[in-house]
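Please look through the structure below before reading the points.

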Protein chains: 2
Amino acid sequence: MAGDNDTEKLRRFFVEKINKPTTVLTGNEKKHLADVLRAKVGDKIILCPNDGKDYIFEISAFDKNSITLYYEEEFVNPTETNLFLTVFPALLKGDKTELVVQKLTELGVKRISPFISEFTVQKSEKNDRLKRTAHEASKQCGRAIIPEIDDVMKFNDMINKLADYDAVVFAYEDAFTNGNRITDVVKGNERNVALIVGPEGGFSKKEVEEFINRGYKPVTLGKRILRAETASISATAVIMQLCGEWS
Amino acid sequence: MAGDNDTEKLRRFFVEKINKPTTVLTGNEKKHLADVLRAKVGDKIILCPNDGKDYIFEISAFDKNSITLYYEEEFVNPTETNLFLTVFPALLKGDKTELVVQKLTELGVKRISPFISEFTVQKSEKNDRLKRTAHEASKQCGRAIIPEIDDVMKFNDMINKLADYDAVVFAYEDAFTNGNRITDVVKGNERNVALIVGPEGGFSKKEVEEFINRGYKPVTLGKRILRAETASISATAVIMQLCGEWS
């Protein structure tokens with residue numbers, strides 16, 4: 001779904017670093033641009049060194065193993081959120097964690113920190129695969145920063161990290177009758193929010209107590225039993241909207 | 001993610017109708033209960049005749065081709081929303097429309113009305129398959145009403161239906177710079193809301209004009225280019241939260 005601005009239609013490449021006025025692409029990026037996309041001299045592309053800016057370059061030459069690009073202009077990418085939202089999703093079975101990473105990347109999340117807890121069935125995940133998913137989704141949705149993907153951590157390490165945030169949304173499926181509204185926790189003026197979503201089997205009683213003992217209130221996402229991946233995607237969208245990122 | 005209430009853990013079966021005090025299950029439901037779930041005499045299940053209520057029955061006898069159930073009690077299922085949200089998603093490629101139907105069912109949508117528009121690539125969809133997905137998702141998330149799935153309709157038929165709603169959320173990817181916030185359209189006190197999400201390629205200029213001519217404002221879902229299925233799921237979650245369904 002491209003926009004009116006012409007630069008939105010240019011291909012986007014994340015690179016380690018750029019040089020001005022000329023940057024040389026090699027390896028996979030070179031292959032992709034030359035062999036898959038069949039780019040030509042004079043075509044323009046966007047290079048993103050993951051610094052929040054888009055750098056427009058024009059292709060000036062093809063060599064056997066490299067493509068030479070010439071710098072044209074740069075600007076701050078407008079798609080990044082002001083909100084720094086970190087999502088802690090419990091690992092899910094099959095390719096569900098990948099689905100979560102793809103959707104959260106589109107929704108503007110800055111960091112994804114998967115964890116395992118007592119009822120987690122899927123005990124490990126290829127971090128490289130999640131990073132690739134975040135990379136691809138960032139290109140596709142026009143971001144200039146790829147969300148950071150942490151290594152899978154244990155429940156205790158996850159919960160210790162929550163002290164760093166202005167607001168902590170602990171999504172809990174039994175919260176409907178005795179829990180809090182998401183607006184009780186997220187006021188809309190936070191800059192640093194954490195969202196935690198448990199695995200398919202939910203959190204154990206002990207884990208729930210651990211959240212509550214540390215002052216993190218269980219938050220309801222409505223009356224139905226959401227699948228874990230639906231909970232992550234839905235709560236992320238709602239937090240973004242509440243914090244003004246849909247304005 | 002089951003709750004504290006014991007009835008939440010009972011198996012849920014949607015049936016054409018129930019009889020009191022005895023209902024007889026045959027066909028697939030009988031097979032599923034007997035052969036797959038290996039239910040026993042004395043087990044309790046929930047029957048849902050799609051009227052918003054849960055009816056608890058106890059298995060009293062197995063026969064070769066049927067299972068006889070005895071009525072115990074009934075109550076209004078607590079998971080249904082007060083909001084009547086209809087989502088009009090353009091048909092999507094592959095199994096994306098099924099993903100949308102599954103997630104919207106979990107989120108409490110009452111009706112899903114797929115349509116094709118100028119840029120829709122996928123031109124048809126097996127309505128039966130979408131109905132089965134809605135059925136399965138309703139069972140899984142504890143609903144007592146399966147969302148209605150309409151036959152695929154044309155753009156013009158879709159847009160003609162919008163006059164029936166209190167609020168119309170026309171999600172449009174170019175709305176960020178010149179569009180409206182979702183809270184400009186959804187005030188939170190509506191009972192009858194429509195959400196429209198275009199296909200992968202978006203709406204044509206002519207289609208966008210048609211919405212605007214009829215007074216439906218383009219609404220932004222943030223600054224990034226959301227995939228169509230992400231837009232449907234995210235906007236549904238936000239509308240539910242704005243209308244008090246996460247309270």
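1. Over all chains, the rule gives 18 aromatic pairs. Rings of Phe, Tyr and Trp (its six-membered ring) pair if their centres lie within 6.5 Å; planes under 30 degrees apart are stacked, over 60 edge-to-face, and the rest tilted. This is a predicted model: local features need pLDDT of at least 70, and side-chain atom pairs pLDDT 80 or more, while totals for chains, interfaces and linings use all residues. Residues are numbered from 1 along each chain as its sequence is written, chains are lettered from A in the order written, and side-chain values use heavy atoms, without hydrogens and water.

2. Phe170(A) and Phe211(A) are stacked, with 3.8 Å between centres and 15 degrees between planes. This pair joins distant parts of the chain, strand β11 and helix α7 of chain A, 41 residues apart (helices, H or I, of at least four residues and strands, E, of at least two are DSSP runs, numbered from the N terminus).

3. Phe170(A), at 0% relative accessibility, is buried (under 20% relative accessible area, 1.4 Å probe, protein chains only; exposed is over 50%, partly exposed in between). Phe203(A) is also buried, at 5%.

4. Arg227(B) forms a salt bridge with Glu106(A), the closest N and O atoms being 3.4 Å apart.

Technical notes: Salt bridge = Lys/Arg side-chain N within 4 Å of Asp/Glu carboxyl O.
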